[in-house]
Amino acid sequence: MLIITIKQGKEKSILAGDPWIYLSAIDKVDGKPSERNKPGATAIVQSSSRQFLARAAYNAKSQIAARVWSLREDEPVDHALIKRRVQAAVERRAVARDIADPQALVQLVDGEKDGLPGLLVHGYGGAEGYLVCQFNAAGVDLWKVAAVQALLKATGCANVYERCDELVRKAEGLPITRRVLAGEEPPSRLSVREGGRLVPMDIRTGFVYPR
């Protein structure tokens with residue numbers, strides 16, 4: 001496993017709960033070249049005095065060189081963690097989702113707020129509709145299969161589509177991908193409730209059609 005050593009004094013923001021570790025805060029990264037060059041590889045983050053600080057996803061191609069998964073030394077980053085956090089995120093928004101207009105685009109996972117840095121998920125049409133996911137960081141991109149499996153189980157929705165923010169993924173050194181991850185692709189045009197009115201939208205891209 002990779003070991004990231006933080007420059008002296010730079011550990012304060014991590015201990016305060018900041019989930020992002022910038023390249024400028026890192027003193028060195030130890031580990032096999034194959035791991036250092038794999039975007040999203042799990043790393044142990046330690047202070048200059050070798051005190052454990054966090055487990056994080058490392059990405060040498062990004063200015064945000066590491067994104068914190070956990071501040072707990074006894075919490076491994078594995079399929080169970082991803083599934084547990086996806087389930088918890090969906091459950092936190094269950095009430096809002098149940099009472100929402102079926103034509104609204106409801107946020108189900110909100111990245112760092114849910115302990116899933118870079119993962120954004122919106123749902124449309126309830127269990128019979130579609131989930132639209134953005135994997136905007138290398139760590140969650142590496143755990144894509146586990147995340148999708150957890151979403152299918154937590155929501156009961158069979159249709160999952162990957163939306164792509166080109167600028168964000170390029171900044172992360174990730175390929176540009178737009179594709180069906182499960183079930184069927186959303187139609188290119190749906191009526192989406194926004195601010196009390198229905199607007200024609202392509203939920204695969206967020207494009208709103210002129211009326």
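Me: Is Ile-14 buried or exposed, and what is its relative accessible area?

Reply: The model is predicted, so local features need pLDDT of at least 70 and side-chain atom pairs count only at pLDDT 80 or more, while totals for chains, interfaces and linings use all residues. Residues are numbered from 1 along each chain as its sequence is written, and side-chain values use heavy atoms, with hydrogens and water left out. Buried means under 20% relative accessible area, exposed over 50%, and partly exposed in between (1.4 Å probe, protein chains only). By that rule Ile-14 is buried, because its relative accessible area is 2%.

Me: Which residues is Ile-14 in contact with, leaving aside its neighbours within four places in sequence?

Reply: Ile-14 belongs to helix α1, residues 11–15; helices here are DSSP runs of H or I with at least four residues, strands are runs of E with at least two, and both are numbered from the N terminus. Contact means heavy atoms within 4.5 Å. The residues touched are Ile-6, Ile-21, Val-45, Leu-53, Ala-54 and Leu-71.

Me: Which strands stand at the edges of the six-stranded open sheet?

Reply: Two strands pair if DSSP finds at least two bridges between them. The order in this open sheet is β2-β6-β5-β4-β1-β3, with mixed pairing. An edge strand has a single partner strand, so one side of it is left without a neighbour in the sheet. The edge strands are β2 (20–22) and β3 (26–30).

Me: In β6, what is the bridge partner of Tyr-22?

Reply: Strand β2 runs antiparallel to strand β6 (residues 64–70), and three bridges join them. Within β6, Tyr-22 has as its bridge partner Ile-64.

Me: What does UniProt list for residues 2–91?

Reply: Over this stretch the chain is 24% helix and 37% strand, and its end C-alpha atoms lie 33 Å apart. UniProt positions are given in the numbering used here, feature names are shortened, and annotations may be inferred rather than shown by experiment. The UniProt entry, which is unreviewed, lists "domain: PUA".

Me: At roughly what angle do the axes of α3 and α6 cross?

Reply: Axes are lines fitted to C-alpha atoms, for helices over the stretch in contact, and angles run from 0 to 180 degrees between N-to-C directions. Helix α3 covers residues 79–92 and helix α6 covers residues 144–155. Their axes come within 9 Å, and the crossing angle is roughly 40°.

Me: Which residue in the hairpin of β12 and β13 takes a positive phi?

Reply: Strands β12 (residues 190–194) and β13 (residues 197–202) pair in the antiparallel sense over five bridges. One of the bridges has Glu-194 with Arg-197 as its partner in β13. The hairpin has two residues between the strands, and the positive phi, near 55°, is taken by Gly-195.

Me: What is the relative accessibility of Asp-202?

Reply: Asp-202 sits in strand β13. Not counting residues up to four places away in sequence, Asp-202 touches Pro-187, Ser-188, Phe-207 and Tyr-209. Asp-202 counts as buried because its relative accessibility is 6%.
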